[in-house]
Amino acid sequence: MSKLLKSGAFVEDAYAAVADDAALPEGAVLVSLPRFQKEREALLARNTALGIRLQSHENPEILGADLHHFALVALEFPKFRDGRAFSWARILRTRLGFKGEIRAVGDFLYDQMNYQHRVGFNAWEVPDHFTVEQFTKALTEMTNVYQPSSDGRKTIRELRASS
Amino acid sequence: MVFPGAMAHQNHGPQMLTANRLRDGEVLYRKADGWVLFLDQGEVYQDQAAAEAALAAANAELVQNNFVAPYLFEVRLADSRVHPVKEREIIRAAGPTVHPHTGKQAGPHHV
Amino acid sequence: MSSPARRPAPEPVQPNMYRYDEFDAQFVSERVTQFAYQVERRLKGELTEDQFKPLRLMNGLYLQLHAYMLRIAVPYGTLSSKQMRKLAHIARTYDKNFGHFTTRTNLQFNWIKLVDVPAILRELADVEMHCIQTSGNCVRNVTADQFAGATDEEIEDPRPLSEIIRQWSSLHPEFVFLARKFKIAVGACEKDRAALQYHDMAVQVVRNSEGRTGYKVMAGGGMGRTPYLAHTMSEFVAREDILAYLEAVLRVYNMDSRRDNIHKQRIKILINTIGVEEMRRRVDREFQELKAMGTLQLPQRELDRIAAYFAPPRFETGLSDVIPDAGPDFANWVKTNIAKHKAPGYAIATITLKTPGQVPGDATSEQMDIIADLMDEFSVGEVRVTHEQNLVLPHVRKQDLPAIYARLKELDFAAPNAGLITDIIACPGLDYCDLANARSIPIAQSIARKFENLDRQHQIGELKIKISGCINACGHHHAGHIGILGVDKKGVEFYQLLLGGSGAEDASVGVIMGPGFGEHEIADAVERVVNVYIAERQTGERFLDTYRRIGMDKFKAAAYETAAA
């Protein structure tokens, strides 16, 4: 079982994850890319929040102008070693200017959460036993960073210049 | 997530089971339900079924976090001693050929 | 080595090199704490081995044939005497009194216990060292020319940029779970002593037609199962843009590499699949955006700030520019192991860790301590590790060379063979490595013994033999003038010969000759090949040149002529 960690706290998941062949329930839904491509008109016509779940080989640029219809992009880690989603999150935040929820789903480690946070993820689907303390610890193991990313943290070079 | 573990060999000859101790990497050989440090103390499985059963038992014990990466390897009996068939296992059982004062070949007190 | 009575240690000298400030020190320290927590979780079972493996690899820890192996980063091959002494201490305290210098200029210990690693990392952090990203699917140790800062052949010292790349790539959040490893080398000369064209990415300092200094960036080189030479991605990247450009290349690689077949996941495969033009187009797109974002721009003042760490030592003036006469053995050593230094009165001295019979690249803790003393006494506290598993004292006075040679003789590191046939590169091979198919060290030893005669070595001249114990090519066999690849033929060790490879600026990939030779045949086969060279060569030709002129046939015929019996 899992729960949703968003911006440092556990929250109810507003989105229903809908399988490709299942009927769409009321309310906010999270669908796959193939489903969106197949039922685009119908999905966009709904008056509720829309989320899209991308697999690790699916570049968010595929969505084109449709990206602005989504409040949630869930990026899947099929296997924690598959690190493509780190670039997808970065592209979402920079080139594509996405300001909504970027959620990490699938197989990822506590040890990856800091990197995910840095590149623009702000939500995580985590196991039931996971605690906020663990999340805070994951993000604070390394006080400083060498390179700029989407978390807006000052880099070590910037801190040196101002010290 | 379960560590995959080695596939059992399709093999007709005798086999043994080896692994590495987690905390220090020491090479281990299976004997009954436990492990020993030296090849000639380990158990030889004469048939495939016995070998696979030993591997399955070891895989089930991975959750104890005492050892990692168990796998079967072929041995043969010659001059009443057990010899690995593959060069790799000969070296693994004894130690590096280029540093004879290191590894298990240096004797029981090398650890 | 006869244990020489230890002279009183000289006053330690701190060389001009990058020094950690509080940020760097805290970074390395927190990384150790992070890894200690990962070890704790692993021992408790909160991490499975499958989960733990990439995490420990990114801290340099492998599980090998006999024990854990720890790979310590030596950034761009530069070590201080203090660091060398710490490595000796770690060898003594946590290992079996020796270490191995690798083909990526790192240092490996072979008998490490997992439970000791956090303590080892703390000790390393005390001397500004670490094991960060020396393995794993991430950006690895950045290597550079071992003569950096000492040769007059370079446009500038490549190490400041190497240090900047090291920092930029350390725990880069986007690039810690790449499809495969990613190796970067930096050069600044026409002569390539760092095998740039065999790297996933290489940066070469260049000057454009307007005399402006910038960087040529290459990508897609690599060894392994399918060797490739790198392609040029950009002939000239402006200094301030370099990090944006490197990030663009890494991003395209991370996004577009295959993830379904571990043998097809290096950047060389990606570029070969989509083509150089398409790769350049994709990189350029990312580059233009990253450059426009501005956050990765590298101001000249930052380059200058880092470069100041690497300022040349204060060279004495008025020194004799003549190497003293100190006998024929010394003269032989000078012939091969001394290179020209940019400062009058100085020389660059190569210490080959290749005395015939030795394990290539290995040094005992005693030898490391004595080398540290030599560093302090003769080389402003500094040594360089080379990708050919040797060491270099970069700044020695010519007048000190006889004394240095005498001390190296005591250490048994005075073989006058740099670049000669007995200066062999060999990976650890099946004696140590979990991935190997065959042993490589004994082959290196047997070949070195066979060609030990110094007159013969000089008669043969430059001949780079490189030996790998498996297709992963850590011994760089594709880049050997003579390459040897260990294979497993039905459980028996066999050795394939390759001819004509080069890792220098005239880079080429070695060609496989044919079926392999047995363990006891390979040295003889090499000898027959060498004899063909001696018979066929024209004036001034190295082995490599003769091979390139006449091709494989005569070498092949000779190699197999006795093996067929």
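**Entry 1: sheet in chain B**

In what order do the 5 strands of the open sheet in chain B stand? I read the order as β3-β2-β1-β4-β5, with antiparallel pairing. Two strands pair if DSSP finds at least two bridges between them. Helices (H or I, at least four residues) and strands (E, at least two) are DSSP runs, numbered from the N terminus.

I note that this is a predicted model: local features need pLDDT of at least 70, side-chain atom pairs count only at pLDDT 80 or more, and totals for chains, interfaces and linings use all residues. Residues are numbered from 1 along each chain as its sequence is written, while chains are lettered from A and ligands numbered from 1 in the order in which they are written.

Then I took one pair. β1 (residues 15-21) and β2 (residues 27-31) of chain B pair in the antiparallel sense over 3 bridges. B:Thr18 has B:Tyr29 of β2(B) as its bridge partner.

**Entry 2: helix packing in chain C**

I checked α5 (residues 159-169) against α9 (residues 300-309), both of chain C. They pack at about 110°, with axes 8 Å apart. Axes are lines fitted to C-alpha atoms, for helices over the stretch in contact, and angles run from 0 to 180 degrees between N-to-C directions. That makes α5(C) roughly perpendicular to α9(C) (65 to 115 degrees).

Which residues make the contact? I find C:Pro160, C:Glu163 and C:Ile164 on α5(C), and C:Leu303, C:Ile306 and C:Ala307 on α9(C). Residues are in contact if their C-beta atoms, placed from the backbone, lie within 7 Å. By class I get 5 nonpolar, no polar and 1 charged residues. Ala, Val, Leu, Ile, Met, Phe, Trp, Tyr, Cys and Pro count as nonpolar, Asp, Glu, Lys and Arg as charged, and the others, Gly among them, as polar.

**Entry 3: chain contacts**

Of the 2 pairs of chains in contact, A and C share the most contacts. There, 27 residues of chain A touch 30 residues of chain C. On the chain A side, α3 (84-93), α4 (113-119) and α6 (156-162) give two or more residues each. I count 9 nonpolar, 8 polar and 10 charged residues on that side.

How values were computed
Angles under 35 degrees count as roughly parallel, over 145 as roughly antiparallel, 65 to 115 as roughly perpendicular and the rest as oblique.
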